[in-house]
Amino acid sequence: MDLSYTSTQQAFRAEARAWLTAHVPKAALRSFDTVEGAAEHRAWERILNGGGWAMVPWPVEYGGRGANLLEWLIFEEEYYRAGAPRRINQNGIFLLGPTIMEFGTPEQKARFLPKIASSEEVWAQGWSEPNAGSDMAAIQATARLDGDPRQPSSQYYVLNGQKTWASRGAFADWLFGLFRTDPASERHKGLTFVLVPLETPGVTVRPIAQLDGETGFAEVFFDDARVPVANRLGGESKGWNVAMATAGFERGLMLRSPARFQETARKLVALYRENEANAPANTREEVVRCWMHAEAYALDTYRTVSRLIGGGKIGAEASLNKIFWSELDLRMHETALRILGHRGDLLPEAPAATGVGAPALRVYNWLDGYLFSLSGPIYAGTNEIQRNVIAERILGLPRSF
Amino acid sequence: MRFAFSDDQLLLQSTVRDFLKKECTPEIVRALWASESGHGAVLWSKLAELGVPGALVPDAHGGMGLDERDLVLLLEETGRAALPAPIVATAAVGAPLLRDAGSGALNDAWLPRVAAGDAILAVGHPANPFVTDAGVADLLLLAHGGELHALERSAATLTHQPANDPARRLYSVAWTPSAATRIASGDVARRLLDAALDRGALAIAAQAIGVAEQLLEIAVAYAMQREQFGRPIGSFQALQHKLADVKVKLEYARPVVYKAAHSVAIGIATRVVDVSHAKLAATEAAGFAARVALQVHGAIGYTWEQDLHLWMRRAWSLEREFGDATFHLDRVSAFVLEGGAAIGPGDTFQAHD
C-alpha cells in the first residue's frame with residue numbers, strides 16, 4: 001500500500017491544472033439541456049478535445065490520451081476543482097465509448113470513438129419504453145433484419161416502436177439502445193444493441209420537459225426507420241450482455257467519479273461556514289457527515305482503480321456505488337437547502353437570490369442541483385433495483401422479482 | 001499510488017482467519033464468558049505462535065516488526081471471531097506504546113515476553129474511564145495527570161465492573177503513581193498518549209469491520225434457511241433491502257479504515273481525521289449490522305441461546321472504546337469546518353506525498 005502520488009502523477013496533475021486554469025470558461029455555461037446551452041457545451045468539448053483532454057483514459061488512436069485509470073481520476077479531480085462545465089456527451093464518453101471499446105469491431109471503434117471523444121456526435125440513451133422501465137427486459141421496440149441475405153453487409157434493420165426518457169434525446173445526434181430482433185423471444189433473450197442516427201427517416205424525437213423545466217430527456221418514435229446492420233454492437237440477440245456492461249459503467253466508476261461529489265461537499269462546507277451564524281444547529285453534523293461520505297466514495301474508487309490496474313474486473317458492486325453516490329448527492333443538496341432556509345426556495349433570477357450560491361469560481365445554484373440530485377436514485381436503474389442486485393448477486397439471496 | 005494490500009498481508013490475514021475459525025468458535029467464546037478470568041491461555045499462546053500479539057514489536061525484541069497496515073487485517077479477523085482476548089490493548093496499543101516510550105530496560109524486559117505470548121498489557125488511557133482486561137494483564141500502562149506510568153498488576157487494586165459484553169472485562173484501577181512507575185512526562189507523554197488514542201481507535205475500527213461482516217454473514221445465512229409463507233424469508237425484498245444497506249455501509253467504511261491504518265503507520269498529522277472518520281464509519285456499520293441482523297432473526301435473535309449476540313454485544317461496546325461518536329465527530333468537524341485545510345477533490349491524499 002502506497003498512498004502517495006508518483007512524480008509522474010504529480011506532473012500529470014500539474015499539467016492538467018495548468019491547462020484547465022487557462023481554458024475553463026470564466027462564466028458559467030447555460031444548461032446543456034437548452035438550445036443555446038447545448039451549443040456552448042459542444043464548443044467547450046471542442047476546446048477540451050483540441051487540448052487532448054476530452055477522453056484521458058482512451059488510447060491515442062481513438063482521440064484519447066492513453067492515460068491509466070489513476071491518471072484519469074486525477075484529471076477528474078482537477079476538472080471538478082476547476083469548476084469546468086458538465087460533459088454534454090456523457091452518454092457517449094462514459095457509457096457507449098467503453099462499451100464499444102469492449103464489444104465493437106475494429107471498424108466500429110475507428111468510426112465511432114474519435115467522434116465520441118470530440119463530441120462531434122452527441123449520444124442519447126434508448127433503454128426505457130412506456131412498458132419497460134425497471135423491467136428493462138420487457139422491451140417491445142423491434143428491429144427486423146431485412147435486405148438481401150446473400151449480401152450480409154448490405155442488410156439493414158427496420159426499427160419500430162417507442163423509447164422514452166432518452167437522456168439528451170432533445171439535442172443529441174445519435175441514440176444507442178436495445179431492440180428486439182427475435183419476435184418470438186422472451187425477456188432478455190432476443191435483444192440486440194443498435195446504434196441509430198436520430199436524423200434517420202422514420203425517427204421522431206419529442207422532447208419532454210423535466211421536473212426542472214428543461215428538456216433533458218425525450219420520447220423517440222421509430223416508424224420503419226432503417227439502419228445498416230453495421231450499426232449493431234455485439235452479436236444479434238446478444239444485446240442484453242452488452243447493455244449490462246453499459247449499465248455497469250453508468251452506475252459506478254466512469255460516469256460518477258468521486259471528484260464531482262467531493263466538489264459538492266467542498267461547496268457545502270463553504271456554504272455552511274458562510275452561513276454558520278444563521279444555519280440550523282443540526283446542519284453542522286450533516287455537513288461534516290456529507291464530507292466524510294464524499295471522502296469515503298473517493299477512497300473506495302481509488303481502491304477499485306488499484307484493483308482494476310492489477311487486472312481485476314467490476315461486477316455487481318457497481319450497484320453499491322450507485323446507491324451510495326446518489327443518496328449522498330441528494331443528502332448534500334437537502335442539507336444545503338436547509339442551511340439556506342427561505343433563500344433556498346428562490347430561482348436564480350430572483351433579486352434576493354444573491355449569495356445563494358457558494359463562493360466558488362462561479363455561483364452554484366443549490367435548488368437546481370437539488371432537483372437534479374432527485375433524479376439520481378431513479379436513473380441508471382432505480383436504487384430499489386440496485387438493492388435487488390446486491391441481494392441476489394452479492395449476498396446470494398434468492399431472486400425476488 | 002497503490003491502494004491495495006500485498007499478497008503477504010492477505011496471506012497472513014487468511015491464516016489468522018482460518019486459525020480463529022477453528023480455535024475461537026462460539027462454544028469457546030461462551031466457555032470463556034463463563035470462566036472466572038475470561039481469558040483463554042491456550043488460545044493466547046497459539047495466537048502468539050502466529051505472531052499476532054507481537055505484530056508491532058520490533059524484530060530485535062522477538063516481534064514481527066510489522067506496522068498498522070498489516071495489523072489492521074488481523075484485527076478485522078479478531079472482530080469476525082468475536083475473540084475474547086486483550087488483543088487491542090496488547091498488540092495494537094500497549095506494545096507500540098512501550099516501544100516508543102523508549103525506556104531500554106523496560107522494553108528489554110517486556111517486549112520479548114509480549115511477542116512470546118508470555119505477557120499481556122493493559123492500557124489506562126484518559127479516553128476510557130475503565131481499563132479493559134486489566135484483570136489478566138501482567139503490565140499496566142496508565143496515564144496520570146499527563147504522565148505515563150508502567151506498573152505490574154500486583155501493584156494495583158482492581159475492581160471488576162461487569163459490563164454488557166462478557167468477553168471484555170472492564171476494571172477500575174486504584175494505584176499510587178511514583179517516580180519509579182513514571183516512564184514519560186510532559187510533551188513526550190502527551191505525544192505517546194495521543195498516538196495511543198489513535199492506535200486504539202483504529203484497532204477498534206478494524207475489529208468493527210470484522211464484526212459487521214460476520215453479522216451480515218450470519219443474517220444472510222439465517223434468511224436463506226428460515227422459511228415462512230412457504231419460502232425463505234431472504235426472498236422478501238423488505239429484508240433484502242435492509243441487508244443490502246448493511247453491505248453498502250460496510251463497504252464504504254472499509255477503505256476509510258485502511259486509509260487510516262496507512263496514515264497511522266506513516267505517522268502523519270492528519271491521521272487524527274482519518275482515524276476518527278474510520279472509527280465513526282466502522283462502528284456505525286457494525287451497529288447498523290447488529291440492528292438489521294437482529295430484525296432479520298426476529299424472536300430467535302432475541303434469545304441468549306442464539307449466537308447472534310456474541311457479535312451484537314461486541315458491536316455495541318466497541319462504539320465507546322477509545323472515543324465515542326461525539327468525540328470523533330468533533331475531531332473531524334474541527335478539521336473540516338475550522339482547520340482551514342484544503343478539503344476538496346484532489347486533496348484526499350495531500351498529506352501522504
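**Chain packing, domain contacts and the nonpolar core**

W165(A) lies in strand 3 (residues 156-167) of chain A, where helices (H or I, at least four residues) and strands (E, at least two) are DSSP runs numbered from the N terminus. The model is predicted, and local features therefore need pLDDT of at least 70, while side-chain atom pairs count only at pLDDT 80 or more and totals for chains, interfaces and linings use all residues. Residues are numbered from 1 along each chain as its sequence is written, and chains are lettered from A, with ligands numbered from 1, in the order in which they are written.

The phi angle of W165(A) is near 55°, a positive value in a residue other than glycine. W165(A) is also buried, with 22 other C-beta atoms within 10 Å; a residue counts as buried if 20 or more other C-beta atoms, placed from the backbone, lie within 10 Å of its own, as exposed if 12 or fewer do, and as partly exposed in between. A positive phi, of about 60°, is found as well for A380(A), which is not a glycine. A380(A) belongs to the loop between helix 10 (366-373) and helix 11 (383-394) of chain A, and counts as buried because 27 C-beta neighbours lie inside 10 Å. Most residues other than glycine have a negative phi.

Chain A as a whole has 11 helices and eight strands, and 49% of its 401 residues count as buried. Taken along the principal axes, the C-alpha atoms of chain A fill a box of roughly 75 × 50 × 45 Å. Of the contacts in chain A with a separation of 6 or more, 70% are accounted for by residues 24 or more positions apart, two residues being in contact if their C-beta atoms, placed from the backbone, lie within 7 Å.

Between the chains, 48 residues of chain A are in contact with 41 residues of chain B. The elements giving two or more residues to the chain A side are helix 3 (69-81), helix 7 (259-274), helix 8 (283-309), helix 9 (318-340) and helix 11 of chain A, and the largest share, 15 residues, comes from helix 8 of chain A. The residues of this side divide into 25 nonpolar, nine polar and 14 charged, where Ala, Val, Leu, Ile, Met, Phe, Trp, Tyr, Cys and Pro count as nonpolar, Asp, Glu, Lys and Arg as charged, and the others, Gly among them, as polar.

Chain B is divided into domain 1 (7-187) and domain 2 (188-352), with bounds that come from an automatic or database domain assignment. The C-alpha centres of these two domains of chain B lie 21 Å apart, and 39 residues of domain 1 are in contact with 38 residues of domain 2. On the domain 1 side, helix 4 of chain B gives the most, with nine residues, and the residues of that side comprise 19 nonpolar, nine polar and 11 charged.

In the largest nonpolar core, which has 232 residues, V257(B) and A289(B) touch the most other members; such a core is a set of buried Ala, Val, Leu, Ile, Met, Phe, Trp, Tyr and Cys residues joined through C-beta atoms within 7 Å. Helix 7 of chain B provides the largest share of this core, 22 residues. When residues up to four places away in sequence are not counted, V257(B) touches V72(B), A205(B), A206(B), I209(B), A278(B) and A282(B).
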